[in-house]
Amino acid sequence: MIQFSEVHFGYRKKKPLYRNLKLTVEAGHIYGLLGKNGAGKSTLLKLISGLVFPSAGKVEVLGQEPRRRQPSFLEKVFVIPEEIETPDVDVIGFADDHAPFYPNFDKQLFLRLLNDFDVPQTNLKAMSYGQKKKTWIALGIAANTQLLILDEPTNGLDIPSKRQFRKMLAATVTDERCVIISTHQVRDLDSLIDNIIIVDEGELILNANINTITQKIAFRQYQEEGDALDSLYSENNLLGTSAVVLNNGEDENVRMDTELFFNAAIANKTKIQSLFSN
């Protein structure tokens, strides 16, 4: 679905952000795009959607170059940015304004999602930030595009809404569709994503399936900090020490700890890249 081939990009010529970036994203999955603030997550999403262009290399999405912004491309991609804009219009008018651009838009699904989110059908300007965000999410899901991109979608959502969001999104994925979620709120995605992409300082650290990760990595809790000395990464908490270790075959049915693994990948880039280089 998405292919980056030797992509270079930088906002300033003398300070490139990405160099020789290679990345493949496939349909039928929900990808979690993880990274610290300023790591290049939003830029990666803009390259995918054609809002910025590579200075070298090629980005191909759904068989097209996003930078050309062809209508046949735009109707297959829906982007929900971190900073949302809300016109002075009621919810139904908001959907009606966008529907013509998306041939597979499902208005009944949109209304059902609004109801599930408990969003009133009033003017967007009268809504709270969280309600506006939920309206955009409902619109993006109802657009039924092949590619749905969400940048920090859970910002502004309360705990029940985050739970509902995960349920809604999980139900949208088919073999022909792909969802990419960029976030720094890692725990919001633990039960949702099935693939992880990690970027740091303009570098791709990891692009791997959750099952692949848990075949090679295990997560353990130790009472004594000294027991974690041979781990790939460890951090202290109220229960003792949480550690990321190599899975030597003894750890079956490993439950993914996305936040702990992300911390390990940032702290131990070389080792993580080596483990998942294939």
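Which residue in β4 is the bridge partner of serine 5? The legends below begin with this pair.

**View 1. Serine 5 and its partner in β4.** The bridge partner of serine 5 is lysine 58 in β4. Strand β1 (residues 2–9) and β4 run antiparallel and are joined by five bridges; two strands pair if DSSP finds at least two bridges between them. This is a predicted model, in which local features need pLDDT of at least 70, side-chain atom pairs count only at pLDDT 80 or more, and totals for chains, interfaces and linings use all residues. Residues are numbered from 1 along each chain as its sequence is written, and side-chain values use heavy atoms, with hydrogens and water left out.

**View 2. An open sheet of three strands.** The strands of this sheet follow the order β2-β1-β4, with antiparallel pairing. Its edge strands are β2 (18–25) and β4 (56–61), each of which pairs on one side only. On average, neighbouring strands are turned by 15° against each other, direction ignored (axes are lines fitted to C-alpha atoms, and angles run from 0 to 180 degrees between N-to-C directions).

**View 3. The chain around the sheet.** Nine helices and 12 strands make up the count for the chain; helices (H or I, at least four residues) and strands (E, at least two) are DSSP runs, numbered from the N terminus. The C-alpha trace spans about 60 × 45 × 35 Å along its principal axes. Of the 278 residues, 49% count as buried, that is, under 20% relative accessible area (1.4 Å probe, protein chains only).

Notes: Buried means under 20% relative accessible area, exposed over 50%, partly exposed in between (1.4 Å probe, protein chains only).
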